[in-house]
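Visitor: Can you walk me through the charged pairs here? Keep it quick.
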Amino acid sequence: MSSALLTLALAGPCLARASANFNWESTKHFIAFGDSYTYVQGTHGYPNFSFIGDYLPGQFAFTPEDLLSNKIVQNFSGTAEGGPNWVEYLTGCGLEEGLTSPETCKLQLWDFAFAGADISLEFTPLHHNWTVPLVNQTQQFLTYAQPVLTKQKSFNLDQTLVAIWIGINDIGDSSKYNVSFPNFYELLWNTVFTESVQPLYHAGYKHFLFVNLPPLDRTPGNVISDNPLPNKTMIGWFNNEIERHSTTFGAAHPEVKSMVFDATSFLNHVLDNPSEYDIRNTTGYCPGYTDPDVVVDPGKYGCIPIDEYFWFNTGHMTSHVHSLLAPQVDKFLKNQSSL
C-alpha cells in the first residue's frame, strides 16, 4: 500500500455531507452510546457495566441530582480495558485516577454506553437482565438526561457530538443464527437509525460519529479457529451497512454531519505492524487480566507488560490500544471539521 493510501485508510472513510457547521475543536459536549468498548464506570452506575442506571426495575430512571452528582470512576475496573478507553483519551475527561465530574471537563463526556449491550432486544437477547440495549440507552438519555443537560449554560447543540460505537456484541451473538446475512445486518442498522438516531435528530442533535467494528475476526479465539466467527466477510458486510445508513441519513438531512470512523482499517494496521506501536503480542492475552496487580506485576502471571498486548482478554483491546485509537479519531474529526 502506498503511503498516500495508507494515510487515507488510517484517517477513515469520508462519509459526511459538507453541510452542518461541525467544528471538533469547539465541541464542548460529547455524548456516547454503545457497549463495553465505550462504557465508563459511574458512581451511580451498575458496577462494571455503566455510568448511570441499568435495566432492573426502578433503576432505568434517574433524577437531575443523580446525573449531576454522578462521577466517572477511573481505576482498573472503571472500563473493560484495565484503564482509560477511547472516549476518555479522546475527550481528556476522566483520565485521572479516582473520580471526575463530567462538568469539570473542558470537553464534557456524558457516557450512556452499557457493557454487554446489543442494539435491540428485538433481535438478540439481553446478556443480563440489567443490560440496557442501545435503543434504550438513547431513550434513557432523551427522557432523563437531555432535559438536564440542556439547562446548562455551556450546553449548545451546535457544539455537541453524539458518538455511537455498537455492533460488537450483535455480530458475535448472531454469528451462529440461522438468518440471512447480510440482510440481518441491514435490519440491525435500520433499527439503529429509526429508534436511536432519528429521535436524537428530532431532539436537535445534528453531529453524529459512528465507529465501525474492531477486527473481531482476529481475536485470540478466532486466530486459532478453523471457522472464525465473526469472519472477515461478515465484518465487511456489517461495516457496509454502517456506511450506507450514515451516507443515506446525511443525504436526507443536509444540516446533519454524519461521519463514520474506520476503526477496522486502523486496528488491522496495528495488528499487522505491532512493533510500530510497542506491541509484542497480537494473538493472546495475559491470563491474569482479572487481577488489578497484573498492571504492576505482570510477571506474577507469567505475562509481559499489559500494554504490550493488543488484546486485554478474549474480546477487548488493552487500554494502550485505545490510547492509539483516540488520536486517530481526533485527527479524523479535525479533518471532518474542514469539510
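Guide: We will go through the salt bridges and then how exposed their residues are. Keep in mind that this is a predicted model.

Visitor: How many salt bridges does a search of the whole structure find?
Guide: The search finds 6. One of them joins the side chains of Arg-218 and Asp-272, at 2.9 Å from N to O.

Visitor: Where do Arg-218 and Asp-272 lie?
Guide: Arg-218 lies in the loop between strand E9 (207–211) and helix H7 (232–252). Asp-272 is in helix H8, residues 263–272. So the pair ties together parts that are 54 residues apart in sequence.

Visitor: And Arg-218, what is its relative accessible area?
Guide: The value is 23%, so Arg-218 is partly exposed.

Visitor: Switching to helix H7. Which residue pairs with Glu-241?
Guide: Arg-244 does, with the closest N and O atoms 2.9 Å apart. Both sit in helix H7, 3 residues apart, so about one helical turn separates them.

Visitor: Is Glu-241 buried or exposed?
Guide: Buried, at 10% relative accessibility. The cut-off for buried is under 20%. Arg-244 has 38% and is partly exposed.

Visitor: Which residues are linked in a network with that pair?
Guide: Glu-186 joins Glu-241 and Arg-244 in a network of salt bridges.

Visitor: New topic: Lys-300. What does Lys-300 form a salt bridge with?
Guide: Asp-293. The closest N and O atoms of Lys-300 and Asp-293 are 2.8 Å apart.

Visitor: How do the accessibilities of Lys-300 and Asp-293 come out?
Guide: Lys-300 is exposed, at 53%. Asp-293 is partly exposed, at 24%.

Note on methods. Residues are numbered from 1 along each chain as its sequence is written. This is a predicted model: local features need pLDDT of at least 70, side-chain atom pairs count only at pLDDT 80 or more; totals for chains, interfaces and linings use all residues. Side-chain values use heavy atoms; hydrogens and water are left out. A salt bridge is a side-chain nitrogen of Lys or Arg within 4 Å of a carboxyl oxygen of Asp or Glu. Helices (H or I, at least four residues) and strands (E, at least two) are DSSP runs, numbered from the N terminus. Buried means under 20% relative accessible area, exposed over 50%, partly exposed in between (1.4 Å probe, protein chains only).
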